[in-house]
Amino acid sequence: MEMSLSGEFLSVVEQAAIACAVSIGNGNRKHSDWLAVESMRKSMEHLPIDGTIVIGEGERDEAPMLYVGEKLGLGMGHPAVDIAVDPLEGTNLCATGAPNAITVLAASEKGGLLHAPDLYMQKLCVGPASKGKVHLDATPAENLKAIALALHRKVSELTVVVLDRPRHDDLIEAIRTAGARIQLIGDGDLSAAISAAVSGTGIHAVMGIGGAPEGVISAAALKCLGGEIQGRLVVDTNTASREKAEAMGVDFNRIYFTDDLAPGEHIVFAACGVTRGNLLDGVHTFGDGVRTASLILNRHPRRVRFIDTVHVNEGEDITVRF
């Protein structure tokens, strides 16, 4: 699956990025998201898979396309694949022209991705060197000390990404008291999680509370990269939401590790930059085409591919720009 479908999934995220890039900076986040969703759904209609959305835009009555449980691809007779999508991670980033908006897809064999409820999750993401040396229940200072030791750095040389939310005021204070640097972001903790697992990005950990669905997609990427995510679902104050989550088998006291969130053995992760970011460049247009920067991760065999593509318009009298 990983080898035969990687190119197909690459095309899905590329086309979604190109589709929503026309809305960069227009201030309409819903329109940006709709463009990405529509493109991604159309691209997957004829894939040679028997696909099922397990992480998507929401329940069927809330999302006309890419809803949880939706069937995709050519269906019976083709590989059964579970798919998790974030058609546009960072809708606000795209709408405002800010960095790090990306289109994202993760896929695995059936049962290979946790069916996470649309709740919040307390997360801790680190790279391969720090894997197994941190713990979600440890204090930020203890985890930062362990990360610094694993990376042969001082705590003061570490940078932690945290979503800029009032709920993180105490966490931010604890990280700064420990001596580490903080990079506050408005959206996009999935992109940040990948950056924490890739050497040279200047990001060494992600801490705080974000979306649980994004946690599952992050787990798929980190499993391919050898990094680690630990997460605990946050109890929703909405009684109905909590009861629904518990009916799905969610344990609010359990720490979910990478293999719990993405237990699959055959994983493909694909992302394409929409706006320029730390990990991927954004979509660039020129007279006769579009240029995209994408990332493809495979579990078996383990491969990390950064792909720079020039999509050339049809016609004879064209100029390809490098």
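Helices (H or I, at least four residues) and strands (E, at least two) are DSSP runs, numbered from the N terminus. With that in hand, welcome to the tour.

The model you have open is predicted: local features need pLDDT of at least 70, side-chain atom pairs count only at pLDDT 80 or more, and totals for chains, interfaces and linings use all residues. Residues are numbered from 1 along each chain as its sequence is written, and side-chain values use heavy atoms, with hydrogens and water left out.

**Stop 1: C272**

Select C272, which lies in strand β11 (residues 267-273). Is C272 buried or exposed? C272 counts as buried, at 0% relative accessibility; buried means under 20% relative accessible area, exposed over 50%, and partly exposed in between (1.4 Å probe, protein chains only).

Now show what surrounds C272. Contact means heavy atoms within 4.5 Å. Setting aside neighbours within four places in sequence, C272 has contacts that include V13, E14, A17, A101, I102 and T103. L280, T292, A293 and S294 are also in contact with C272.

**Stop 2: the cysteine sulfurs**

Stay with C272 for a moment and look at its sulfur. A disulfide is a pair of cysteine sulfur atoms within 2.5 Å. The closest cysteine sulfur to that of C272 is in C20, 8.6 Å away, which is too far for a bond. How many disulfides does a search of the whole structure find? The search finds 0. C224 is in no disulfide either, and the nearest cysteine sulfur to it, that of C125, is 14 Å away. C224 is buried, with a relative accessible area of 0%.

**Stop 3**

Next come charged pairs. Side chains of opposite charge can pair when their charged atoms come close. A salt bridge is a side-chain nitrogen of Lys or Arg within 4 Å of a carboxyl oxygen of Asp or Glu. The structure holds 10 of them.

Select R41 and E70, which form a salt bridge with their closest N and O atoms 2.5 Å apart. This pair links distant parts of the chain: R41 sits in helix α2 (residues 29-44), and E70 in the loop between β1 and β2 (71-72), 29 residues apart. R41 is buried at 16% relative accessibility, and E70 is buried at 6%.

**Stop 4: D189, K123 and helix α6**

Move on to D189 and K123, whose side chains meet in a salt bridge (2.8 Å, N to O). D189 lies in helix α6 (residues 189-197) and K123 in strand β5 (residues 120-126), so the pair ties together parts that are 66 residues apart in sequence. D189 counts as buried at 10% relative accessibility, and K123 counts as buried at 5%.

Now select the whole of α6. Why is α6 described as largely enclosed by the rest of the structure? Because 9 of the 9 residues of α6 are buried. Among them are L190, S191 and I194.

**Stop 5: a salt bridge with exposed R276**

Select R276 and D281, whose side chains meet in a salt bridge (3.4 Å, N to O). R276 is exposed, with a relative accessible area of 53%, while D281 counts as partly exposed at 27%.

**Stop 6: D50**

D50 is in strand β1 (residues 50-55), and it counts as buried at 15% relative accessibility. Leaving aside neighbours within four places in sequence, D50 is in contact with residues including K71, L72, H78 and V81.

**Stop 7: backbone details**

Which bond joins H300 and P301? A cis peptide bond, with omega about -10°. P301 is in the loop between β13 (289-298) and β14.

Then compare two residues other than glycine. L66 has a positive phi, near 55°; it lies in the loop between β1 and β2 and counts as buried at 0% relative accessibility. H152 also has a positive phi, near 55°. H152 is in the loop between α4 (140-151) and β6 (159-163), and it is exposed, with a relative accessible area of 75%.
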